Amino acid sequence: MNGPIQESTLQEMIEGLRRFGADGRGVTRLAYGPAWCEAQRWLDSRARELGLDCTVDPGGNLYAHPPGLEPAAPVILTGSHLDTVEQGGAYDGAYGAVAGILLAAMGLGSGGIPVVAYVSAEEEGSRFASAFLGARSMLGMAEHADLDSTQDSAGVSWRAALEFARERGCASPVHAGPRPFEPLFRPRMELEAHIEQGPVLEAEQKEIGIVTSIIGFRRVEIRITGEARHAGTTPMAMRKDALVAAAECIWSAEVLAIEHGDPAVATVGRAEARPGAFNVVPGECELRLDARHSDSAVLGTMLSELEKRFRAIAERRGAKLDWKPVSSHAPVAMSADMITEATALAGEMVFSFKKMVSGAGHDSMIFAGQGVPSMMVFAPSHRGISHHPDEFTPMTELWEGVRFCHALLARLARRDAMEGAK
Ligand code: HGY
Ligand code: MN
Ligand code: MN
C-alpha cells in the first residue's frame, strides 16, 4: 500500500472488513467461524501492506507490530475485537481493530515504546457465552480445562473452534505448558478506539468520548420447567405453563432495573419455549439474562434480588427453575494518568469531548482488570444505534477519533520514555 494513511485508508478498510459475515442485513462474524477466519487473514494481509509484521497467538488473536519486534517486549497495545453479535453492525469492534492497525502503522519509526495493534478473537459472547475469550487468552487467563468446558450452543468446544482456526492459519498451537496461553507481549498500556454505541456524544455534539470507567455486568442462563399439556383440555387453573412463568420473570427484571434507576439495566435477550406448538402448553423455557451496573455492590444486590424474584414466580406457578451464571465482570476504572493526558490533549487539539462511563463491555475491561493501564476513546454513534444493522458513524468522525488516538499514543510514548529515563 502506498501513500500516507488517511481517512480514505480507514474507509477502505472498514468497508472491506464489513464484507466478511455480511448477511444482506447486518454483519454476523462469530468467533473462529469461516467469515471470521477470512476476515482475520484479510486484515493480516492489509497490515503487512502497511509495513507491519503480523503474528497470531494460540487464542486466535492477531497482532500487527513493527517488523522484528521481540516477543515479551514492553509495548502499547491498541485494537479491539473481530467478532460481532448476530445481525450486528459494521463498526462495533471493527472500528477499533482497523484503527489499531492504522495507528501501529502510523507509529512505525517514531522511536520510543512500540505501538502494537491487536485484533482480539472474541469479545461479544455471541458464540461462546462466557465472553472475552480473546482478551482473556491474550493475557494468559485460561486453563487447559476451559478449552473443553467452554462450548457453543451446538456443543462445539473452544478447543475444536481453535483447531478450525489453526487449520486456516488464524491461530498458533496451544502451549503444552501449565497454561494453554501465554502473553505474547508485555502491554505497558492499552488503548481501545470504539464507537460509543449510545446516543450521548451525537446528542451533545461532542467529537470524542474519554471513557473513565466501564460498567460491570453479569450474564445468567435460566431454565424454567413446567408441564407440557394439551392446550385445549387443560383448564387454566391446572397448568404449569413455563412460558407464562418466563414472561412474568422477564417483566420482573424490567421492574427491578427501573426500581434501581440509571445506570442499572436488565435485559432478557432470548426466550426459547418448547415444544413451541400452537396446541401444547409450553413445558420448558430457557432465558438469557444480562444485568449491569457501575457499582459492584449494587450489581451483586440486583442479581440476588433477580434470582429471588424469579424463583418465587416459578414456585408460585409450580415450575422448577435452574439458575446458571455464565459470566461475571466487575466494573473497572480506566487509567487516571491516561485520562489526564487525553483530557489535556483534547484541550490542546481543540477536540470537543465528554468524559463518560461505558454502558457496554469491552476488551479494555479485561486489560484494566489485570492491572494494565487502559483507556478508551469513543467516536459518536448515529442515533445511538448499535448491535443492529443500522449501526453507523460518519467516516469523518471515525477518522477524527483515529487522529486523536494517534496524537495520544505519541504523547503517552513520550511520557513513557521520560519515565524510563528517570
Ligand atoms: O455486550 C456488550 O456490552 C459488548 O457490546 N460486548
Ligand atoms: Mn464492542
Ligand atoms: Mn458489542
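How are the donor residues of the manganese ion (ligand 2) spaced in sequence? I looked this up first. They are spaced H-x10-D-x101-H.

**Ground rules**

I am working on a predicted model, where local features need pLDDT of at least 70, side-chain atom pairs count only at pLDDT 80 or more, and totals for chains, interfaces and linings use all residues. Residues are numbered from 1 along each chain as its sequence is written, chains are lettered from A and ligands numbered from 1 in the order in which they are written, and side-chain values use heavy atoms, with hydrogens and water left out.

**Entry: manganese ion (ligand 2)**

I listed the donors, which are N, O and S atoms within 2.8 Å of the metal (3.2 Å for Na, K and Ca); water is not among the atoms, so sites may look incomplete. His-81 (NE2), Asp-92 (OD) and His-194 (NE2) coordinate the manganese ion (ligand 2), at 2.1 to 2.3 Å. I then placed two of them on the chain. His-81 sits in strand E3 (residues 74–81) and Asp-92 in the loop between E3 and helix H3 (94–106), so the pair ties together parts 11 residues apart in sequence. Helices (H or I, at least four residues) and strands (E, at least two) are DSSP runs, numbered from the N terminus.

Are His-81 and Asp-92 buried or exposed? His-81 is buried, with a relative accessible area of 0%. Asp-92 is buried too, at 5%. My cut-offs are under 20% relative accessible area for buried, over 50% for exposed, and partly exposed in between (1.4 Å probe, protein chains only).

Asp-92 and Glu-124 link distant parts of the chain. Glu-124 lies in the loop between strand E4 (115–120) and H4, 32 residues from Asp-92. I noted Glu-124 as buried, at 9% relative accessibility.

**Entry: largest pocket**

I took a pocket as an open set of points on a 1 Å grid over the protein atoms alone, where a 1.4 Å probe fits, with protein on both sides within 12 Å along at least five of seven lines; lining residues have an atom within 4 Å of a point. A volume is the space filled by probe spheres set on the points, which are joined across faces, edges and corners.

The largest pocket has a volume of about 1200 Å³. It is lined by 43 residues, and Val-85, Arg-219, Asp-290, Arg-292 and His-387 are the closest to its centre. Strands E7 (216–225), E9 (265–274), E11 (284–293) and E14 (353–358) each give two or more residues to the lining. I counted by class: 16 nonpolar, 15 polar and 12 charged. Nonpolar covers Ala, Val, Leu, Ile, Met, Phe, Trp, Tyr, Cys and Pro; charged covers Asp, Glu, Lys and Arg; the others, Gly among them, are polar. Domain 1 (7–214 + 331–421) and domain 2 (216–329) each supply at least three lining residues. The bounds come from an automatic or database domain assignment.

**Entry: second largest pocket**

About 570 Å³ of space lies here, in the second largest pocket. Of its 23 lining residues, Ala-129, Gln-151, Glu-221, Lys-324 and Val-326 are the closest to the centre. By class the lining has five nonpolar, seven polar and 11 charged residues. Why does the second largest pocket lie between domain 1 and domain 2? Both domains give residues to its lining, so the pocket lies between them.

**Entry: salt bridges**

I used a side-chain nitrogen of Lys or Arg within 4 Å of a carboxyl oxygen of Asp or Glu as the test. The structure holds 36 salt bridges.

- Glu-143 and Arg-179 meet at 3.6 Å, N to O. Glu-143 is partly exposed at 39%, and Arg-179 is partly exposed at 32%.
- Glu-286 and Arg-274 meet at 3.0 Å, N to O. Glu-286 is in strand E11 and Arg-274 in strand E9, 12 residues apart.
- Asp-337, Glu-341, Glu-348, Arg-411, Arg-415 and Glu-419 are linked in a network of salt bridges.
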